[in-house]
Amino acid sequence: MADFLSGYSIQSWLESCPQGYLEDTDYGHGAGEKEPEEMLGNDTFREDAIRTTVQLVVGERAALAASSGLVNAAPDDSSKMFLATQTLDEARHVEIFTQRLLDLGVRKDDLDSTISRYANPNLVKFAEVLLEKVDKKDFIAGVVGQNIVLEGMAFSVFEMMHATNDGTNPKFAHTLSGTIADERRHVGFGENRIGSLIKEHPEKKAEIQKMQQDMTYHMLATFADSFKANSDVVEEAHSQSSPDAKAAVYHGVDLNKADASEMEAVLSDTVLGEFKTRLGRIGLEYLSPAA
Amino acid sequence: MAEVDPHALSEEDFHAEVHSFQFWLEAVEGYLGGTDFGFDPNLTDEEFSESELNYLVTTLCNYCVAEQAALQASSGMISFAPAPDAAIFLSTQVVDEGRHLEVFVHRLKMLGIEDPWQEITARSNQSLLKFKDRLLEFVDQRDWEAAIFVQNVILEAMEFTVFQAHAATADPITSGILTGVAKDERRHMGFGENDLGRKLKQAPHTRTRLNRITAELNPLVLSTFSEIAEELKIDTEDLGISSNYLATIERLGFST
Amino acid sequence: MNDPLIDSDRFTADRQKYELTDTGFNEVPKKYRKFYRKWKGKGDELADNEVLCPVCLVVIRSARSLRPGDRVYCMPCMTRLTVAEEDGMLVARVVY
């Protein structure tokens, strides 16, 4: 176990992040890269980008609070080390997405009010369910909630957003690439570290599955609200896109052609599919919010 | 690379800059690039006498106790940080403290200690353990002023002083590790002193309470100092306690 | 306090300019490195454009000679300071 966990060292993190894919980046993207003019010049697109980015800030703030809170609850020093690096990863995500709000024209003085105005109440509740476990220093539930449910959701959301932005907004696509690379480590830690702990504490299963069910409910409600709110934006974007534009394929769906409900369906199916697979691997049963 | 005069930044921009992840990233790239667990991997270890080795192991074990305290405290403080940029700064501190613990544990392994965690428990200085417990009590109570004072002012100033003094006399590998660690401590110490200094200006009544904490913890700090100095065979005068640790406390207006 | 942002004339007039070069100080991002250097301890004489940070004991450097009242920043320890004169020497005082 000790050798396996040494992969979670800060030395490995330093070599892969600051000295790896983050080297020479500026707030996660290439120096000099900017948001596209077509988006900044269109109030509807810009507001949609602000609304979406606010959800990312809210999610990352929750992840920062959770990962830092879990350092003290971790039962071993290797997990503490890993969670220390995750804390900094999450803080970086808060910073780069907050910076994106500024790049989109939100004034510094208006940051807090903008975040409060656009934050999805279901996403706030999603975070509250997780942070309740962290506050109780419940390490196993906290890591499942944070590194499997929250990170699993973030991983899929970022991948979908990356597919959408890859051809049209290189700056944001590069920002997302770095966060996806970070999330890969986080979901990996969640599965690898918790699998053995669940085996040692089977009595925790029911409580953790209930937490996953509640978090999934709020997550799906967040998706529904978000895609409903931007259905007009999606239509407008499609009407303005060039017929020769390269397809933005995500799990078999061309996001340049799909409507908002198709996008919601592919994202929800992907995230839930991932949940089922990951939870199954660590010995937990996925509970549907509808159950 | 565009040239930037830091002294021409506005105060708001200065604080936003130095508390950011981006600043931390570019700062640590400067002195951690090319190192492996905090030292130049081309260095080889020297021969230690049995007593030298014994003292060094005890000292490193106590550094680990201090770093464990700092890791637990800084991560616990993020959830009640007074502003988002303070939370981001503390996140960089969490990874710094985790790194310090890791490099000291790695050094213990290099020195032949098979189970460093057990050794740390066995060799812990009692004053330092009491200090750690008190710090974590403040963190559990979500008491920002007390926690930042004890962690980023008292503990960091103590570590900074000891690490710098030890680096000057240590073997090349330990010295390299300590020099890098002290560079991180500069940020932590400065953050604590400045944050607290601003708070005390706005709420001078806080001073009375923190003065009581200083009076309570000073004997523990000074006793830890003298024990470490004895182990390292360093004169306490050489440790520069009066010029560093006590000067920090004095600058903030606390009696020493 | 002389703020180079607000009092640019007062800050630059009649002052000796210094061409700063990298001194090997590596604790801040590259773009700021030449504005700081290591302090060599007692006996390390400071130039007219230098002042010692009392918090972290790093030498802060400016592109112009410093005068009492100037605002400077110590980036390694994130401290705002004002230059003052003490016993005929320039010193930096912390401004919280």
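Let's start with helix 5 (residues 77-103) of chain A and helix 4 (residues 84-110) of chain B, which pack at an angle of about 155° with their axes 9 Å apart. Axes here are lines fitted to C-alpha atoms, for helices over the stretch in contact, and angles run from 0 to 180 degrees between N-to-C directions. Helices (H or I, at least four residues) and strands (E, at least two) are DSSP runs, numbered from the N terminus.

Please keep in mind that this is a predicted model, where local features need pLDDT of at least 70, side-chain atom pairs count only at pLDDT 80 or more, and totals for chains, interfaces and linings use all residues. Residues are numbered from 1 along each chain as its sequence is written, while chains are lettered from A and ligands numbered from 1 in the order in which they are written.

Back to our pair: helix 5 of chain A and helix 4 of chain B are therefore roughly antiparallel, a label for angles over 145 degrees. Their crossing is left-handed, meaning that the near helix is turned anticlockwise from the far one by less than a right angle. Who makes the contact? From helix 5 of chain A, the residues include Met81(A), Leu88(A) and Val94(A), and from helix 4 of chain B they include Ile88(B), Val95(B) and Gly98(B). Two residues are in contact if their C-beta atoms, placed from the backbone, lie within 7 Å. This helix pair's contact residues divide into 10 nonpolar, 5 polar and 3 charged. For those classes, Ala, Val, Leu, Ile, Met, Phe, Trp, Tyr, Cys and Pro are nonpolar, Asp, Glu, Lys and Arg charged, and the others, Gly among them, polar.

Now the whole A-B contact, which takes 25 residues from chain A and 26 residues from chain B. On the chain A side, helix 2 (10-21), helix 4 (43-73) and helix 5 each give two or more residues, and helix 5 has the largest share, 11 residues.

Over to chain C, with 1 helix and 6 strands in the order α-β-β-β-β-β-β. Of its 96 residues, 38% are buried, that is, with 20 or more other C-beta atoms within 10 Å of their own, C-beta atoms being placed from the backbone.

And where does chain C meet chain B? Here 26 residues of chain C are in contact with 30 residues of chain B. Strand 4 (71-74) and strand 5 (79-86) of chain C each give two or more residues to that side, and strand 4 gives the most, with 3 residues. The chain C side divides into 18 nonpolar, 3 polar and 5 charged residues.

Definitions and conventions. Buried ≥ 20, exposed ≤ 12 C-beta atoms within 10 Å, placed from the backbone. Parallel < 35°, antiparallel > 145°, perpendicular 65-115°, else oblique.
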